Amino acid sequence: MSEKLDRRYFIAAGTSALAMPFVSRSASAQAAWPSRQIRMICSYPAGGQTDLLARAYGEFISKQVGKTVVVENKPGASGAIGTAEVARAEPDGHTVLCSISTTYIMNRVVMKNPGYDMDKDLALVSVIPGAGLLLVANPKTGVKTLEDFVAFARKSGKVNFGTYSAGSAPHMTINELNKQYGLNIEPVHYRGEAPMWTGMLEGTLDAAMGSYTAAQSVLQSDRGTVFAVHSKKVDAIPAIKTLPEQGATSKFFTVSGFSGWAVPKATPQPVVDRLAELCVAANNDPKVKEVLATFVLEPAIGFKESNALYQRELPIWIESAQSLGLEPA
């Protein structure tokens with residue numbers, strides 16, 4: 001990174017000049033929102049990708065609307081703890097969730113009672129399509145390709161594979177690889193990427209899967225070898241092939257996943273639209289650009305496009321979960 005990313009918990013409002021609106025919105029939305037500080041609840045730990053996105057976009061929003069955005073980390077239960085709190089909040093746009101597709105999609109099928117119903121309690125505002133997630137093996141395994149990994153798993157009988165939460169993309173990937181190749185890969189669930197990669201550094205895992213940037217601590221210390229990426233090539237490592245390019249056939253390896261924002265369901269649509277506009281406008285902010293580049297992410301997309309992506313990927317995630325013996329809540 002070109003400069004240290006700001007990880008403060010309180011994101012101060014900008015100057016009056018920066019606080020002037022520069023994207024169009026209805027007069028009613030302008031008058032009604034925001035009337036006080038905004039709580040942006042990040043349902044994953046501080047220091048990870050979701051947290052840094054919340055802070056960069058939150059700072060931009062603060063500058064545009066002239067109100068403080070307070071980022072609060074409420075991790076746990078695959079994002080369900082923070083999400084349930086947002087679902088119960090007053091639907092006035094002053095409490096916003098920043099989370100990932102695991103929270104928005106998979107918790108409905110991996111938890112009997114996550115504490116919220118995505119369809120009834122929350123409205124998706126804007127999302128950032130996911131990047132190519134890395135599959136990384138402990139160098140002691142000798143794995144350099146998917147073929148190597150399959151051979152190692154068959155020979156070992158059991159493989160400990162780190163995920164950043166139950167129901168996450170890594171969890172589903174393990175399930176699909178087990179099915180296709182008849183393996184016994186065992187998911188080891190952590191409360192976020194940072195502790196997962198720490199487990200990899202400590203040598204307690206045979207493999208793990210996560211974002212390019214978060215994996216750098218492992219890769220730069222030669223504690224891990226990238227042998228595949230999930231569904232999208234990563235520009236920084238173009239020689240590493242995707243799982244489908246290496247013979248994996250599941251439809252799950254065509255989904256991108258996403259990070260993004262949601263609000264309580266009854267939040268007025270003009271407020272939802274305004275917030276979505278701000279997320280899209282933030283793509284041009286230098287600090288937001290830096291975070292997106294750091295995690296090799298695409299820009300945030302608008303309300304309609306975000307919900308179309310959600311509806312397109314939802315059945316594929318659910319199908320993968322059901323193949324694991326899980327039923328939608």
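For the lining residues described below, Ala, Val, Leu, Ile, Met, Phe, Trp, Tyr, Cys and Pro count as nonpolar, Asp, Glu, Lys and Arg as charged, and the others, Gly among them, as polar.

**View 1. Lining of the second largest pocket in the predicted model.** The lining of the second largest pocket divides into seven nonpolar, four polar and two charged residues. The pocket holds about 170 Å³ of space, and of the 13 residues that line it, L122, A123, L124, K265 and N307 lie nearest its centre.

**View 2. Elements that supply the lining of the second largest pocket.** At least two lining residues come from each of the helices α5 (118-121), α10 (269-281) and α12 (303-323) and from the strand β5 (122-129). Helix α12 gives the most to this lining, with four residues.

View 3. When neighbours within four places in sequence are left aside, the residues in contact with D51 are C42, P45, A46, V71 and N73.

View 4. Among contacts between residues at least 6 apart in sequence, 79% join residues at least 24 apart. The protein exposes about 13,500 Å², of which carbon and sulfur atoms supply 53%.

Methods. Residues are numbered from 1 along each chain as its sequence is written. This is a predicted model: local features need pLDDT of at least 70, side-chain atom pairs count only at pLDDT 80 or more; totals for chains, interfaces and linings use all residues. Side-chain values use heavy atoms; hydrogens and water are left out. On a 1 Å grid over the protein atoms alone, a cavity is a set of points where a 1.4 Å probe fits but cannot get out, and a pocket is an open set with protein on both sides within 12 Å along at least five of seven lines; lining residues have an atom within 4 Å of a point. Grid points are joined across faces, edges and corners, and a volume is the space filled by probe spheres set on the points. Contact means heavy atoms within 4.5 Å. Accessible areas come from the Shrake-Rupley method with a 1.4 Å probe; for residues, only the protein chains shown count as cover.
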